[in-house]
Amino acid sequence: MLKQTEGSRAVAEAVAMCRPEVICAYPISPQTHIVEALGEMVKDGTLSPCEFINVESEFAAMSVAIGSSAAGARSYTATASQGLLFMAEAVYNASGLGLPIVMTVANRAIGAPINIWNDHSDALSQRDSGWLQLFAETNQEALDLHIQAFRLAEELSLPVMVCMDGFILTHAYERVDMPTQAQVDAYLPKYVPRQMLDPGEPVSIGAMVGPEAFMEVRYLAHAKQMEALELIPSYAAEFKSVFGRDSGGLTHTYRTEDAETIIVAMGSVLGTIKDVIDEMREEGHKIGVLGITLFRPFPLARVRESLQGAKRVVVLEKSMAVGLGGILSTNVRMALSGLHMHGYTVIAGLGGRAITKKSLHGLFRQAEQDALEPLTFLDLDWNMVNKQLEREKAHRRSGPVAENLLRDVGVVAARNY
Amino acid sequence: MFQVRIHGRGGQGVVTAAEMLSVAAFDEGRHAQAFPSFGSERMGAPVVAFCRIDDKEIRLREPIMEPDAIIIQDPTLLHQVDVFAGLKKDGYILINTSKTFDQLGLGDMVRDWRHERLCTVPAMELALKHVGRPVPNVPLLGGFAAVAGVLQLESVIKAINERFSGKVAAGNVAAAREAYAIVRAEMDEARKKETQHA
């Protein structure tokens, strides 16, 4: 049924339809509305049987999810930013133990400086944690991906992170097609654990493994993740047959058929990019975009196949590998190894910096002329940067960077319009 | 695409107003996208929310920098925030105040604008009268239905009834209807004046 609602609410309702049995909740913006809504549903009995557990930290949230999942319960939690970092040790444990937990990450920057706005630094910091990572472009896709995530997680016995842009999606009211409980039940079978703590048939989960078998256990984790590359397209196809729409899959291409320039990006910025591409196509530019839905495992073959006909590839990412450049672009480059083409990394939208159509028009035209620096920071204020660099040269005790820059720009209240 | 930017202060229901606007547009079968300015909301701090309305899917995710209409829920913001940033000439402006544009010091700015698109409504008073709480957001939506003409008053009322219930819903509906009538009367007056000048 079509509905105008908040992204967080839509995701909460979709998660509830997946019949989780344990939800561990610790509040952090911008995911809070999701677990709040689920908490209400558990309290008023709409979501039952389900145990909603308020925990004392994100580390506890993931630890409780590990326990409940190992006990055979379908388990869910959500977090963002510093919260994800605080649970990092347990995040690795969840995947290492092969527990099919589903977690929403409402993507937000990582401090310091503290910043509550959107970028992809949080989820991408956990890219090697052994979790599958899916990125939603719209609220519709965010809710659809959660339904697919439980199926995928439980089939592989691996945890799945569904990443959606904090605020931009979580707090946006837009049209979504809410599935029915019958549709979700038809798509998502009852959870049958591949391993489980059962007093009737006692086993232990979480043995210490020495050099004699550790490599093999890790290899199997990799091999298991790679199976997702086969499963996901068929799950997306089956999703289409039940729900009647395309959602999920490995990647999405848009107007790339004869494109000489292909942009690569993840998440909600794809919408803005598509609008720019439509306008540029009307003027005759041969440009298209590849959206990455599945970041882990990274669909190397699909990415290569989608990009190999282009003259140049521009990876626009809301993340950064300090001391190297991009994170997504490093992965894309690996997919393109041996191909001769121009490649550009564009860091954009960090900490909630708006990515505007106007800036993208300028950027994409520069790329078409091959006039971009290999590593470009979109809309970086060089005056601000240079002023601080000069200050540092002039005075050894030049003061904290963040405070200096805020003083320079005269910020009273942060704003982005 | 029609783009609305709402300025107010934390506690005045700025974000709720944008959301309800999007629900009203959805009820008319249109696509709509509402979102806040993503700040750390605090009571009294300047808050901005946005709403886009279109007949096709809205993919754009940038903040609204060139709005077609601006709703100002708190006139004290006029001296603190550049509320009119990006508004094109002859855009729609609706301000919560019992003063005129001239009295607010905006007369020169809008001298040769279409005056029937520049409206004020004492939304705070209407809210106190009908709802008993100083929350101007909903009456302003009634006024917005009149001034911009992109949404029917009945859709706004439907959105109010979806959001609130009981006395609060009834009071807000009454406030929205009165605001609508006030703004319609202002627009008629402005049109009359323009015909006289012409």
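Two strands pair if DSSP finds at least two bridges between them. The legends below describe a predicted model.

**View 1. Strands β4 and β5 of chain A run parallel.** Strand β4(A), residues 75–79, is joined to strand β5(A), residues 102–107, by four bridges. One residue pair can be named: A:Thr77 has A:Met103 in β5(A) as its bridge partner.

**View 2. An open sheet of seven strands in chain A has mixed pairing.** The strand order is β3-β2-β4-β5-β7-β6-β12. Strands β3 (51–54) and β12 (294–296) of chain A are at the edges; each has a single partner strand, so one side of each lacks a neighbour in the sheet. On average, and with direction ignored, neighbouring strands are turned by 20° against each other.

**View 3. Helices α10 and α13 of chain A cross at roughly 55°.** The axes of α10(A) and α13(A), the latter spanning residues 357–368, come within 10 Å. At this angle α10(A) is oblique to α13(A), and the crossing is right-handed. From α10(A), the residues A:Thr272, A:Ile273, A:Asp275, A:Val276 and A:Met280 meet A:Lys357, A:Leu360, A:His361 and A:Phe364 of α13(A). By class, this contact has five nonpolar, two polar and two charged residues.

**View 4. Chains A and B meet through 26 residues of chain A and 24 residues of chain B.** On the side of chain A that touches chain B, β8 (173–177) and α10 (269–282) of chain A each supply at least two residues. Helix α10(A) gives the largest share of that side, five residues. The residues on this side of chain A comprise twelve nonpolar, eight polar and six charged.

**View 5. B:Val4 is a buried residue in strand β1 of chain B.** Strand β1(B) covers residues 2–9. B:Val4 has 28 other C-beta atoms within 10 Å, and is therefore buried, the cut-off being 20 or more. Leaving aside neighbours within four places in sequence, B:Val4 is in contact with B:Leu21, B:Phe50, B:Cys51, B:Pro67, B:Asp68, B:Ala69 and B:Ile71. B:Asp68 is 64 residues from B:Val4 along the chain, yet their C-alpha atoms are separated by 6.0 Å.

Terms used
Residues numbered from 1 in each chain as written. Chains lettered and ligands numbered in written order. Predicted model: local features only at pLDDT ≥ 70, side-chain atom pairs only at ≥ 80, totals over all residues. Contact = placed C-beta atoms within 7 Å. Nonpolar A, V, L, I, M, F, W, Y, C, P; charged D, E, K, R; others polar. Axes fitted to C-alpha atoms, helices over the stretch in contact; angles between N-to-C directions. Buried ≥ 20, exposed ≤ 12 C-beta atoms within 10 Å, placed from the backbone. Parallel < 35°, antiparallel > 145°, perpendicular 65-115°, else oblique. Left-handed = near helix turned anticlockwise from the far one by under 90°.
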